[in-house]
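I opened this structure to look up a few local features and write down what I found. My notes follow in the order I took them.

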Amino acid sequence: MRLLREKEIIILLFALILVHGFEYSEMKCNDCDEQHFCNCSFKHLQHVPEIPLNARGLDLSFNQIESIGMTDLRQYTELKTLNLHKNKLEFIHQEAFNSQAKLEVLDLSFNKLEKLSSCWFQELKSLQHLNLLGNPYTTLGPSPLFRFLVNLRTLRIGSPSLKEVYKNGLGELTHLDEMTVVGSSLKSYENGSFQADRPIGLVSLSLQNLFEKDPELVYKILQDVSHSETELMIRDSNIRTNTSMEPFKASKEGGIRRLKFLNTTTTDEAITNLLMNLDGSPLSYLGLEDVQLIGHGWWQKANNTHYENLHTIYVHNLDIQGFFKFSSMSPLEFLLMYLHKVSIINSMLFVIPRLTTLALLHIEYLDFSQNLLTDMTIQETLFTGLGQLQNLNTLNVSQNSLKSFEVLSGLVANLKKLINLDASHNSFVSMPEKCRWPVTLRFLNLSNTKLLRLTPCLPSSLNVLDLSENDLKSFHQRFPNLTTLILTGNRFFNLPQGGFFPNLETLLIQRNALRMFTKKDLSRFRNLQYLEAGTNNFLCSCEFVFFFRNNVDDLVTLRDGRRNYMCDTPFSLRGDAIDSVRLSVFECHMILAVSTLCAAIMFVLIGIAVTCHKLHIIWYLQMTKAWIQAKRKPTVSRSPGELRYDAFVSYSQHDAEWVEEILVPNLENAQPPFALCLHQRDFRPGRWIVDNIIDSIEKSHRTLFVLSEHFVTSEWCRYELDFSHFRLVDEYNDSAVLILLEPIEKETIPKRFCKLRKFMNSRTYLEWPEDEEKRSEFWSNLKAALSRDQC
């Protein structure tokens, strides 16, 4: 039992250590970047963690923090951004932010704060952006909640729980540029609550059904926020009835100029009532984004309204319920005739009747992108037979279903003031050889149009031409005024000829099939300043790498950064930045390197040959070989009776007559006779001559050298002398007998035969006398030298 208790205690202690360690690790967050921004989101934190003291940003979003104490943030005085979005905050100490004098961004959105305190913001003099959305507080005010935020620029307040709004200090904010209010459940609003010290640049109101439930309350809000310098955005709302548009009379009174509806459901009847309520207002911009429109398009009630100041209509993602039952926009002629800019984007627009187009008397800008225009319907939409669209300078028909390049060019040719044309993301595939264009056209976008080939159809008046994301391989048309050419995402193998673009300043040709470009290629562009050619399949040859690393910056500025220029071949360098490539001399100058190496080897060999000749290396090698061969033979101890010859005679062939007619008869016929070994007579036929020499010398008692000038120059005599020299050195004997057939200097004998030279210097040798009277003495001395008794 005692042992069991001890085990339980150990397990309990171990568990406590684990829990403590987990809690300690939870309290730290070190995910901070070089800008000292610490991202501690999604970490299941329940408290403010420990972070570096020099942290400037702290993201604690999507955690489970329930409260912020007085000291939780005290030591982090350098913070400029604090994000507590989506936690479980219920309590914040009144002095929690007192140390955050440098804080500029504070996000407390979507927590559980039921009450807001002005004490939180007392020391936040630098705060510029405050988000209090999505908390369950029900009242805003009446205390001056925001009076201390003297530098506040962005304020987001409200939630579905907000019911009462009182004056709260907004009137003291002199720098407020943007305000977002969510108040779908508002019951009470005190006049002047949202009225700032000066007009707010953008006011966004999310009031949902409040327009229909309590239009009077909405009227009071609009009365406070509407101003000629304020853009009013109505979002996330339902405005379907006539009465729901009545509050906008307050906007008219405030002189509103810009009005936008976002993510809103409305009807043609409500829109008509809106136009009537804003009749005569200075409204210049009307926007509809992500709007669902219900009805049949009956606008007749608004016929007598006046909108001389309405210059811009922006429609994006308009969803018309029962679209094919919807009538023409022609009843809105009173509205269209003053417009300068019209954008209808991604709204399933497939045609605009020519009568409607005829009403666009002052139109300068048309954006019909992301719609359903075809070659047939665009002819109706851009009909100019009655002089329509003569002020149009910008046309965007990108991302439609156009296929005929000839039709499009023919239509825009009649637009005498057209400067910008965007026809990208259509399916032209090809273009005719000749086209008509307005002479005013300067900017043309044909990106993503599936073009395979260019023709002289393109207008030469262009300043900017975008041909990116096609399937082009070459470019041979001259553009004298072009300053910017975009060829990104094609199949060009080389840069286009610079001579075609005398004024080109910017060339974009990334993601093509470029292998390289040279100084000559870039020099052809007279005025090229900026080049973007990264992300190509560059061949990292020595010439290109050297040019890129050392000279390219002298010609152009690589605006896309040098790190985007990487090698594709050779395979060993694939993926390496060209700036980091280091090629060897052999890779860059193969022929020169090989030639130099061969020449060096030849010089070395010649040097070795000369050295061998001067130092007699060959002789030493031959002697070494002979010595090795002799050493490999089994050692045989020969007795004097086993030696076959008394002497082996070594002589030059030029001295053969003296040897055969004088030397041999006198020695072999002597009493007793001497057995001599002569190479011409006694060498075994068919045997290697060197083996014959070695064997004959080994079987002879003496080696008799007949020295003469011819002997010194004879190759075979030198072999015999070589082996005799080896025998003298290795066996330490005196078997050599020298006869000087004719007077020669001792220095004539090669210096490498040091033993023989020493032998000649230390002993006498026999000289063949010219005087016949002295020859008998010569023979006597020779026979005595050859006698075996001398051993």
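**Entry 1: a salt-bridge network**

I began with Arg153, Asp177 and Arg198, which are linked in a network of salt bridges. The model I am reading is a predicted one.

The side chains of Asp177 and Arg198 meet in a salt bridge, at 2.9 Å from N to O. Asp177 sits in the loop between E10 and strand E11 (178-182), and Arg198 sits in the loop between E12 and strand E13 (202-208), so the pair ties together parts that are 21 residues apart in sequence.

**Entry 2: other salt bridges**

How many salt bridges does the rule count? The count comes to 20. I checked the accessibility of both partners. Lys102 counts as partly exposed at 38% relative accessibility, and Glu78 is partly exposed with a relative accessible area of 29%.

The side chains of Asp471 and Arg491 also meet in a salt bridge, and here the N to O distance is 3.4 Å. This pair links distant parts of the chain, 20 residues apart: Asp471 is in the loop between strand E24 (464-466) and strand E25 (484-486), and Arg491 is in the loop between E25 and strand E26 (506-508). Asp471 counts as partly exposed at 26% relative accessibility. Arg491, with a relative accessible area of 37%, is partly exposed.

**Entry 3: a three-strand sheet**

In which order do the strands E8, E10 and E12 lie in their sheet? I read the order as E8-E10-E12, in an open sheet with parallel pairing. Strand E8 (139-140) and strand E12 (188-189) are the edge strands, and each of them pairs on one side only.

I followed the pairing of strand E10 (residues 164-165) with E12, which is parallel and runs over two bridges. Val165 stands opposite Tyr189 of E12.

Is strand E31 (residues 645-650) enclosed or open to the outside? Six of its six residues are buried, so E31 is largely enclosed by the rest of the structure. Buried here means under 20% relative accessible area.

Next I looked up which strands pair with E31. Strand E33 (residues 700-707) pairs with E31 in the parallel sense over five bridges. Strand E32 (residues 676-677) also pairs with E31 in the parallel sense, over two bridges.

Ala647 turned up in both pairings. The bridge partner of Ala647 in E33 is Arg702, and in E32 Ala647 stands opposite Leu676. From E31 the chain crosses through helix H16 (residues 656-668) to E32, and this β-α-β crossover is right-handed.

Glu698 is partly exposed, with a relative accessible area of 24%. How far apart in space are Glu698 and Tyr645? Their C-alpha atoms are 9.5 Å apart, though the two residues are 53 residues apart in sequence.

**Entry 4: helix H5**

Why can helix H5 (residues 268-277) be called largely enclosed? Eight of its ten residues are buried, so the rest of the structure largely encloses H5. The buried residues are Asp268, Ala270, Ile271, Thr272, Asn273, Leu274, Leu275 and Asn277.

I then asked what the buried residues of H5 pack against. Three strands are on the list, namely E14 (231-239), E15 (258-267) and E16 (285-294). The helices on the list are H4 (248-253) and H6 (333-336).

**Entry 5: a nonpolar patch**

Leu597, Ile601, Val604, Leu605 and Ile608 make a nonpolar surface patch of about 450 Å². Ile601 has 44% relative accessibility, so it counts as partly exposed.

Key:
Residues are numbered from 1 along each chain as its sequence is written. This is a predicted model: local features need pLDDT of at least 70, side-chain atom pairs count only at pLDDT 80 or more; totals for chains, interfaces and linings use all residues. Side-chain values use heavy atoms; hydrogens and water are left out. Patches are made of residues with over 30% relative accessible area and no salt bridge: like charges are joined within 9 Å, nonpolar side chains (Val, Leu, Ile, Met, Phe, Trp, Tyr) within 5 Å. Accessible areas come from the Shrake-Rupley method with a 1.4 Å probe; for residues, only the protein chains shown count as cover. A salt bridge is a side-chain nitrogen of Lys or Arg within 4 Å of a carboxyl oxygen of Asp or Glu. Buried means under 20% relative accessible area, exposed over 50%, partly exposed in between (1.4 Å probe, protein chains only). Helices (H or I, at least four residues) and strands (E, at least two) are DSSP runs, numbered from the N terminus. Two strands pair if DSSP finds at least two bridges between them. A crossover is right-handed if, with the strands pointing away from the viewer, the path from the first strand over the helix to the second runs clockwise. Contact means heavy atoms within 4.5 Å.
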